[in-house]
Structures are given as structure tokens and as C-alpha cells.
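Please read it alongside the sequence and the structure shown here.

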Amino acid sequence: MDILIVLEDSNGKIHRMGLESIVGAQKMAEELGLSIGALVMGANVDLLAEEASGLNVGEVLKVENELLSTYSADGYAETVKQVIEQENPTYVIFGHTYQVRDYAPKVSAKLMKPFIVDNVSVTTNGGNSVFTKLMFNGKLFSDVTPTGDGPYLISFQSAAFSSEKADVGSAPVRDCTVNLDVSMIRTESEEPFQEEAGGIDLTSADIIVSVGRGIGKEGNIPLAKELAQALGGELASSRPVVDAGWLPAAHQIGSSGQSVSPKMYLALGISGAIQHVVGMKGSKNIVAINKDPEAPIFEIADYGVVGDVLEIIPKLTEGIQ
Amino acid sequence: MGFYTMKIAVLVKQVPGTESPLPIQSNQNWVDEGAVAYVMNESDNYALEEALQIREANDEGEVVAVSLGPDRSQKVIREALAKGADRGIHIQLDTAGMIDPLVTASYFADTFKDENFDLIFTGLQSDDLGMGQTGIILGELLGMSTASMAMATEVGGGKIKVKRELEAGWFQWVSLSLPASVSIQSGLNVPRYPSLKGIMGAKKKEIKVVTPSVANQSQSVEKVYVPQSDKQTVMIEGSVEQIVGKLVETFRNEIKVL
């Protein structure tokens with residue numbers, strides 16, 4: 001195959017960013033006339049393989065190995081490296097997940113092949129792919145091309161593509177074998193945990209009500225919480241709110257927090273600094289309320305209100321109820 | 001916990017400050033670096049602090065601040081020395097437009113061949129390129145174990161335990177055999193300011209200058225440009241009551257979340 005998509009397990013399902021990367025790979029395959037395949041790996045990945053085989057991914061490669069029962073950077077990097085050597089793809093596509101950031105650079109180093117990361121789009125120019133990524137903290141775009149021979153490792157940023165657009169299909173599943181030895185894995189992982197009881201997965205929320213510095217003080221946070229409850233949504237925030245200690249870090253959206261693409265993102269008193277915007281710009285509908293008409297959040301908002309969030313929030317909660 | 005003599009390298013990078021202008025060169029290949037106001041990369045500052053705290057907790061050891069870049073990069077090495085790093089290494093190279101982490105990590109790997117570091121700390125990613133790979137590739141090239149996005153570290157018994165940040169508010173403790181290369185997330189400690197004594201003392205500390213030969217990149221920049229927004233924003237206006245009414249209507253009929 002020409003394009004190998006590496007899929008990630010997220011609680012027994014394909015990670016959302018993996019589905020998004022399939023859309024990117026399908027676009028590349030169509031434009032460049034290339035074939036694709038998708039890799040699933042773990043100790044038991046029947047469910048994942050089955051889900052992948054329902055998509056238009058050419059074929060599904062299944063690697064099952066006891067040493068992959070828990071994630072390790074060493075085990076995953078070695079597996080992907082060996083599959084690449086066996087299948088010899090030109091492009092290897094990942095979602096830019098935290099796990100991928102942890103092990104894919106090792107694959108790049110093992111093969112001495114480039115890893116072009118965190119791309120927001122891909123275009124074709126003269127039969128070659130050009131990858132566009134944000135640089136300088138999101139202030140500039142940069143068009144990047146690989147040089148030399150492939151394989152080229154590529155990751156796409158969260159919400160670069162809409163996961164709903166992944167073409168369905170019926171891809172055959174093929175078993176692949178890799179040689180792993182326990183001595184290769186130099187790390188021991190403990191069970192994942194959440195910092196606080198009732199931690200939240202903002203990435204799967206349909207509605208997010210997010211507060212920024214403009215909320216004024218900690219005492220105003222409950223106003224936003226009530227609005228989120230009235231809408232049946234989750235409460236989130238920008239970084240300054242977390243740094244000030246008004247909300248726990250689990251609520252943070254942005255480059256150092258979670259990346260989300262809900263049906264509606266309601267930004268309350270958020271200026272729209274790029275570190276925040278990279279985490280929410282993929283939202284289907286962005287509604288921004290801010291007293292500053294020049295706030296950059298309005299550049300990406302679908303609906304904007306110039307006004308005082310503290311006046312509007314309680315009345316809006318009332319209006320919805 | 002016993003005492004260990006740890007030799008720690010911290011990679012510090014000079015990057016444009018958040019308020020710095022970023023004019024694009026007329027050939028669109030890169031920014032005009034002469035007009036940029038540089039600072040130490042944010043997460044590198046936390047990486048440095050973590051290294052200094054480990055050395056202080058273990059009574060002895062060495063923290064070496066290393067930077068790759070043109071002459072101006074020595075400023076961030078001096079800053080690290082003023083905060084308490086023991087010595088510096090400057091890999092001197094014009095890095096304008098050089099984006100390939102494989103090449104960058106190779107320069108560090110060559111320089112570190114005979115250093116035998118127990119630990120390499122890097123910031124999670126640089127605020128200019130945002131590749132987030134150099135420390136992990138470097139670890140791999142030197143045969144070290146690696147981990148990314150550390151929110152806490154514990155050193156002891158020939159290992160480093162790292163609290164890794166996962167997605168969506170999850171964490172995981174991972175134990176790595178030494179030597180190890182670990183990338184550090186912002187916010188895991190409170191970086192110190194240099195003292196006057198530290199600033200004076202830094203002038204006497206050694207900065208070794210290394211000049212590598214230029215290597216071929218495996219990825220390169222074709223063009224840099226300012227993002228263009230083509231989004232049409234519907235502005236909702238009126239009295240607070242009117243705004244609220246229109247918002248509820250928009251939620252119900254346009255966005256369909258009510």
C-alpha cells in the first residue's frame with residue numbers, strides 16, 4: 001500500500017483523531033491515485049479491526065502481541081517501524097494525539113525519515129503532497145514538504161478533517177506479525193488515573209460553555225456553570241482561568257489543554273488567543289460574547305455578541321429554562 | 001530516597017516572545033529574524049527548573065544548559081547559568097528556516113556523544129516551530145528511554161518516574177530506566193528568577209562553543225504566510241433582552257441545540 005494509517009485505541013473504539021486522519025488519507029489517496037491501508041495494534045484488537053474494516057481504508061492490518069497489552073513508547077514505536085518495513089508505504093498517517101506525540105518521533109528516529117506534525121491541511125502540487133501547519137504559536141501558516149525518499153510520517157491536527165466524512169467501505173482484515181522482545185520495553189506503566197473525581201472528557205461533549213478572563217472573578221464561575229447545565233453542556237475554560245485557580249486544569253481548552261470540536265462552543269469573555277483557538281476552532285458553531293469588539297475570537301466566531309457577559313449569562317440561562 | 005549524582009542536560013531554545021513582531025521576509029521563506037524579540041522557550045524554562053530541583057535534592061550533580069542557534073542563542077544559555085545551571089554548550093549554527101527535528105536532534109546527539117548524561121530534559125515543544133520531537137528523537141539516537149509531557153518527576157534507584165499527561169484530564173505514572181530523555185510540560189513547577197549573585201556568577205561559568213557542519217534536511221519550509229479568515233460572523237445586537245431572545249432563537253433554530 002502507498003498510505004498507511006495508524007489507528008489508536010480509545011476505550012475500545014477508534015480514536016476520533018484517527019477517524020479524522022482517515023479522511024485526510026482518503027483525500028490524499030484520491031488526489032494522488034494512491035492505495036491505503038489501516039493499522040490496528042494491541043493485545044486484542046478484534047473490535048478495532050472490525051470498526052476499521054467498515055471504513056473505506058483498502059485493507060486493515062492487525063497486529064496482536066501480548067507485549068502491546070498496555071501502551072509503551074518502545075513497544076508501539078518498534079511495532080510501527082516493523083510494519084512500515086514490511087509494507088513499505090510512502091506516507092504513514094497519524095492523528096496528532098498525545099500518544100502519537102509520545103512514540104511516533106521514535107519511529108522517525110529509527111528510520112531517519114521525517115515526521116511532519118500537526119498539519120491542518122494537505123494539498124497536492126505537481127504530484128506531491130504539501131502539508132500546511134501552524135507555526136509561531138499559531139500566528140503564521142507554513143507550507144512544508146518532505147525531501148528525499150519516503151516513507152514520510154505525517155500527523156494531522158485535531159479537527160483538521162471532519163470524522164463524519166470518513167467514507168464507509170468493507171476492507172478485508174489481514175494479520176501481521178512483528179518481533180517484539182520484553183527487553184525492548186524499557187518502561188513500566190501504571191494504570192492511568194484522573195486527577196479529581198468526576199473528571200470530564202470534553203472531547204465528546206456536544207455543547208461546551210467556555211469561560212475566559214472576562215468572567216471577572218471566581219465567584220462568577222457558577223453563573224457559567226448554570227448556563228452549561230441549562231444547555232445540557234460541559235463547562236470549560238481558557239488557560240488564564242485555570243492559572244488563576246478558578247477552575248481545575250481538566251477544564252482547560254487549548255494547546256496545553258484539550259482540543260474539542262463540539263456542535264456548539266459558547267465562548268464567554270474569551271479574547272481568542274491562539275493558544276486557546278487551536279483547541280476549539282474545529283467547533284461546528286462558535287458563539288462568542290465579549291465586551292471588546294476587537295477581540296480576535298470574533299474572527300473565528302459564527303455568531304458574535306459585543307456585550308457584558310455578566311449581564312447576559314444569567315438572563316440567557318433564564319431564557320433557555 | 002538515597003542520593004544520586006545526576007548529570008542532566010537541559011535543551012534551552014531562544015524563540016520569539018508572545019508579543020514579538022513576526023514580519024515575513026520578502027521571499028516568504030521565513031520570518032525576518034532581525035525584527036524579532038527573543039525569549040527563552042516557555043516549557044524549556046520549566047525543564048530547567050525541574051533539572052535544578054533534582055540536582056539540589058540530590059546534593060550533587062551537574063546541570064548543563066545546551067542551545068542550538070546563532071550567536072544570539074548564548075543569551076538563553078547565560079540566563080540558564082544565572083538561574084543555577086553549572087555550564088553551557090552552544091551549538092553555533094544559523095538556524096533560520098531550519099525546521100527538521102531529525103537534523104536538530106542529530107546535532108545534539110553528536111555533541112553529547114562523550115558527555116554520558118543520565119537525563120536529558122527538553123520543553124514539550126518550541127513556541128516557534130512546535131514540532132515537539134527533538135528530545136524524543138535525541139533520546140532514541142542515544143539509546144535512551146523516553147517519555148513526553150511530564151507533569152511531575154521522581155528520581156531514584158537508577159530510574160526516573162514520570163507523571164505523563166494523557167488526554168482529557170488523565171495521567172499516568174511511567175517508570176523509565178536511566179539514561180532517559182524526558183520532555184517537560186509547562187506548569188509542573190514554579191521556575192525561579194535569577195538572583196543578582198547568580199547573574200554575576202554566570203559570567204564566570206563556561207560556555208563551550210561547538211560548530212557543526214550543515215546537514216541536509218528531510219523536511220523543509222516552502223512558504224510562510226499569515227492565516228486568512230474567510231468566516232462571516234453574524235453579529236447579534238440590541239438590548240440585553242433582545243440579544244438573549246435572539247441567542248435562544250439561534251440556539252433553537254440555527255444551531256439546533258435546544
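In this predicted model, the C-alpha centres of domain 1 and domain 2 of chain B are 48 Å apart. The domain assignment places domain 1 of chain B at 6-210 and domain 2 of chain B at 233-258.

**Sheet**

- An open sheet is formed by six strands, with parallel pairing, in the order β15(A)-β14(A)-β16(A)-β17(A)-β18(A)-β13(B).
- The edges are β15 (234-237) of chain A and β13 (234-235) of chain B, each of which pairs on one side only.
- Strand β14 of chain A, residues 207-211, pairs with β15(A) in the parallel sense through four bridges.
- Opposite V209(A) stands L235(A), a residue of β15(A).
- In general, strands of a sheet pair through backbone hydrogen bonds, in either a parallel or an antiparallel way.

- The crossing of α4(A) past α4(B) is right-handed.
- On the α4(A) side the contact involves P105(A), K106(A), S108(A), A109(A) and K110(A), and these meet I136(B), I137(B), E140(B) and L141(B) of α4(B).
- By class, the residues of the contact of α4(A) with α4(B) are five nonpolar, one polar and three charged.

Definitions and conventions:
Residues are numbered from 1 along each chain as its sequence is written. Chains are lettered from A and ligands numbered from 1 in the order in which they are written. This is a predicted model: local features need pLDDT of at least 70, side-chain atom pairs count only at pLDDT 80 or more; totals for chains, interfaces and linings use all residues. Two strands pair if DSSP finds at least two bridges between them. Helices (H or I, at least four residues) and strands (E, at least two) are DSSP runs, numbered from the N terminus. Domain bounds come from an automatic or database domain assignment. A crossing is left-handed if the near helix is turned anticlockwise from the far one by less than a right angle, and right-handed if clockwise. Two residues are in contact if their C-beta atoms, placed from the backbone, lie within 7 Å. Ala, Val, Leu, Ile, Met, Phe, Trp, Tyr, Cys and Pro count as nonpolar, Asp, Glu, Lys and Arg as charged, and the others, Gly among them, as polar.
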